[in-house]
Amino acid sequence: MAPIDQVQLHFNPQTLQILNAVLGLVMFGVALDLRVEDFRVALRTPKALALGLLGHHVLFPAMTYVLVWILQPQPSIALGMILVSSCPAGHISNFLVHFSRGNTALSVSVSALSTLAALVMTPLNFAFWGNLSPVTSGLMKQVAMSPWEMLQVVVLLLGVPLVLGMGVAHRYPGFAARIRKPMKWLSLLVLVGFIGGALAANFQHFLAYIQFVVLVVFIHNLLALATGYGLSAALGLPERDRRAITFEMGIQNSGLGLILIFNFFDGLGGMAIVTAWWGIWHIVAGMTLALYWKRRDPGGAPTVQAAAAAP
């Protein structure tokens, strides 16, 4: 078996474009249950917004540094973990929050702000923690992101599907009511199909090297999810907000991480495999938690979107 850093995953820009289209479809389905008033309510809870952003861009990278120090994985795997923790929130978090009857408007708001903040915070966190760790400092390279490309991510993956979905729900409420549930399951099936295809294309690599990353990704992701829920509970946030913050901390934009790895690290095997496995595992873990929460009433006064999401 070749060393893990010599592995080259099958990844190309066309794959990412397909993923973006899938996420756009997911976001459209989520937006069918949202109204402008939901965002007004979310913006009136600055404590929850601040926790989502600080937890994601400050606390999680710091916790990752400590976890790397404790687990001592291979340098390239450790650097991949730091990069994942430095990326903005993954947009599938909005679907998971919606599916679990959490505060979707808060989730969308945190995702959008997190992605914009990533222009500065992703390179800053990656450079700071990557150079600070003696395990990873020898592999470090400078990472730069295009502000225009990040703005496109926000507009195309969040803005356009959000406006279209909310517009359809407002103008054609009867039609929106008929397609709301089918869209929810169609989005889920398409997403699962895409993940299955990506896994199949790289199955031989995952099969050979999964033992190097499965435990560290499990612990890393569990730490993020548990911290998100624990902190929001400690601050007294309502249950729907806790669910939103949990997924915003525990779901990372691993697609962006893979782009950075292939652009700046020539697809370094350990970094690529741990990041790709993160992209698969956090959806498995997220859907498991969302299915658990979906069957449990979050309590409080339900908004329109919460009531619509109820079984």
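Trainee: Which residues make the nonpolar surface patch?

Mentor: A patch takes residues with over 30% relative accessible area and no salt bridge; nonpolar side chains (Val, Leu, Ile, Met, Phe, Trp, Tyr) are joined within 5 Å, like charges within 9 Å. A salt bridge is a side-chain nitrogen of Lys or Arg within 4 Å of a carboxyl oxygen of Asp or Glu. Areas come from the Shrake-Rupley method with a 1.4 Å probe; for residues, only the protein chains shown count as cover. Here V66, W69, I70 and L71 form a patch of about 410 Å². The model is predicted: local features need pLDDT of at least 70, side-chain atom pairs 80 or more, while totals for chains, interfaces and linings use all residues. Numbering runs from 1 along each chain as its sequence is written, and side-chain values use heavy atoms, without hydrogens or water.

Trainee: Is I70 buried or exposed?

Mentor: Buried means under 20% relative accessible area, exposed over 50%, partly exposed in between (1.4 Å probe, protein chains only). I70 has 54%, so I70 is exposed.

Trainee: How many aromatic pairs does the structure hold?

Mentor: Rings of Phe, Tyr and Trp (its six-membered ring) pair if their centres lie within 6.5 Å; planes under 30 degrees apart are stacked, over 60 edge-to-face, the rest tilted. The structure holds seven pairs. One of them, F247 with W293, is edge-to-face, at 5.7 Å centre to centre and 85° between the planes. Both residues, F247 and W293, are buried. Elsewhere, ring pairs join Y65, F128 and W129 in a cluster.
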